[in-house]
Amino acid sequence: MGAGRRQHHAQEQAKRDAAMEADRIRRQQEESQKAYQAMIDALKPKAVVDTTPKPVQSTLADTRTGVRTARSARQTTTGFARGLSALRIPLNIGGESGGGLNIG
């Protein structure tokens, strides 16, 4: 019975040693991960915020792109009507080609 007990104690000691070794490796990996993260943070470029005030004219110039040409009232109305006619759906009242009303 003594040999079985010694074997059991040796197994338990091996388990404790393995757990301690695993814990040591885990701590070592955590430390290396922290050092790696610190190195990455040090290499990242710092954000530079431009705090110089912009003149009002430069901000307006950015929004107004292109050249506006003069248009008469008739041209404006004609352009508007062309846009509306493009949106219209022709009414099919049924003709020789078949098909019935496309209403409803």
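**A note on helix 1 and its surface**

1. Tyr-36 is partly exposed, at a relative accessible area of 46% (buried is under 20%, exposed over 50% and partly exposed in between, with a 1.4 Å probe and protein chains only). Tyr-36 sits in helix 1, which covers residues 2-43 (helices are DSSP runs of H or I, at least four residues, numbered from the N terminus).

2. Please keep the source in mind. This is a predicted model, where local features need pLDDT of at least 70, side-chain atom pairs count only at pLDDT 80 or more, and totals for chains, interfaces and linings use all residues. Residues are numbered from 1 along each chain as its sequence is written, and side-chain values use heavy atoms, leaving out hydrogens and water.

3. Now the salt bridges: there are six, each a side-chain nitrogen of Lys or Arg within 4 Å of a carboxyl oxygen of Asp or Glu. In one of them, Lys-15 pairs with Glu-12, with the closest N and O atoms 3.6 Å apart. Lys-15 and Glu-12 are three residues apart in helix 1, so about one helical turn separates them. Lys-15 is exposed at 54%, whereas Glu-12 is partly exposed at 25%.

4. Arg-24 forms a salt bridge with Glu-21, with the closest N and O atoms 2.4 Å apart. Arg-24 is partly exposed at 38% relative accessibility, and Glu-21 is partly exposed at 37%.

5. Another pair to look at is Arg-26 and Glu-30, whose closest N and O atoms are 2.9 Å apart. These two are four residues apart in helix 1, so they too are separated by about one helical turn. Salt bridges with shared partners join Asp-23, Arg-26, Arg-27 and Glu-30 into one network.
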